[in-house]
Amino acid sequence: MSALQQSVSHSSFFSVNDFPIRHDWKSEEVSALFALPFPELMFKAQSAHRSYFDPTKIQVATLLSIKSGGCPEDCAYCPQSARHDQKIAANKLMAVEEVLERARAARAEGATRFCMGAAWRSPKAHDLETVCAMIEGVKALGLETCVTLGMLDQGQAQRLKVAGLDYYNHNLDTSEAHYEKIISTRTYQDRLDTLAFIRDAGIKVCCGGILGMGEETSDRASMITTLANLPKHPESVPINLLIRVKGTPLEEAEPIRPLDFVKTVAVTRITMPASYIRLAAGRTDMGEEMQALCYLAGVNSIFLGERLLTCPNPEKSQDLTLFKQLGLSIAPKETSITA
Ligand code: SAM
Ligand code: DTB
Ligand code: SF4
């Protein structure tokens, strides 16, 4: 038993040996998890969660949009695309010192990871250098760094590693089959290539998707199977609930049923037991009960702070009140066996 496991004081009937890290998931097997009776699914997910983590500890990250709007891509969910009606106004890349000021404030509020997002198809060379200066400055404050800048080539991934980047966020967003209904300006394979460059450069991977974009259960199973069968599981898996932003092609999308969302979290937890699962966008449309069920199903990370990139997030005080009600607390850095 590792020192970390010995230090975990929560009760668990299971150990990591009961939930080995696997990369050979069959899509029928993942679909069968979705079909389990809800109590069985939740028991399995909680058992997996407790084998690797203290279920009372929630990692918190802060998100900052360092360059908003004017994006040339056509992602149907995104208010930052220049191709949709009522788009977000395009602005310039923030100055390094302004970003560091925001990072200092986030650190003072208890964040351990600072994530910076830019509405780009892929970064231009001079912009990448500015982002590298931001990464160096944020790291010097003692925070973990994460950026999401769009597609990368091998050299760009290596440059970010040299700057000291900890995590890169790049989502698959949905299944390969459903993908063509959502984005036409880059392919699923483009995304997988970027993920491979990030991994090969030695940067930790943050990769997940969005639920509620008109996909079927089989699409959710397929996306999870692809993620779980990557050569290494993403260290962070953000599960976003679609924010149906006015003026985007998905503004009228049929919402996912709340329990189907919870089930998807549970299947993600079972198949990638050692990864952080982040309940990312869309929490302003969830009640406390749904968020509590997500924590029970294996969520152990959220964005804290009243803004995501361009959309609202719950008030910090609201999240802390819910934590108190549920007996949850903010996790210190690096509490998983693999992260
Ligand atoms: N431009 C970069 C890219 O696409 O990789 C980085 C920023 S992009 C906004 C990051 C992620 O935010 C997307 O991959 C998507 O999963 C999520 N996202 C964007 N708009 C969303 C929405 N309306 N609802 C939920 N998630 C959303
Ligand atoms: C992720 O999967 N979700 C975050 C983060 N990665 C960068 C972004 C959510 C964005 C929600 C829409 C907005 O605020 O513009
Ligand atoms: Fe651009 Fe990223 Fe939004 Fe797609 S998700 S339109 S790439 S900012």
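The largest cavity here is the space taken by ligand 3. Keep in mind that this is a predicted model. Who sits around the ligand? The residues there are C71, E73, C75, Y77, C78, S81, A119, W120 and R186.

Now for the charged pairs. The count comes to 14 salt bridges.

| Salt bridge | N to O distance |
|---|---|
| K316 and E109 | 3.1 Å |
| K232 and E235 | 3.3 Å |
| D319 and R283 | 2.6 Å |

Let's start with K316 and E109, which form a salt bridge. K316 lies in helix 12 (residues 316-326), while E109 is in the loop between helix 4 (96-108) and strand 2 (113-118), so this pair ties together parts that are 207 residues apart in sequence. E109 is partly exposed, at a relative accessible area of 48%.

D319 and R283 also pair up in a salt bridge. This pair links distant parts of the chain, with D319 in helix 12 and R283 in the loop between strand 8 (276-279) and helix 11 (288-297), 36 residues apart. Are these two buried or exposed? Both D319 and R283 are buried.

Salt bridges can share partners too: that is how R22, D24 and E29 are joined into one network.

Finally, look at K232 and E235, whose side chains meet in a salt bridge. K232 is partly exposed, with a relative accessible area of 44%, whereas E235 counts as buried at 6% relative accessibility.

Note on methods
Residues numbered from 1 in each chain as written. Chains lettered and ligands numbered in written order. Predicted model: local features only at pLDDT ≥ 70, side-chain atom pairs only at ≥ 80, totals over all residues. Heavy atoms only, no water. Near = heavy atom within 4 Å. 1 Å grid on protein atoms, 1.4 Å probe; cavity = no way out; pocket = protein on both sides within 12 Å on 5 of 7 lines; lining within 4 Å. Sits in = over half its atoms within 2 Å of the grid points. Salt bridge = Lys/Arg side-chain N within 4 Å of Asp/Glu carboxyl O. Helix = DSSP H or I, 4+ residues; strand = E, 2+ residues; numbered from the N terminus. Buried < 20%, exposed > 50% of the residue type's maximum accessible area, 1.4 Å probe, protein only.
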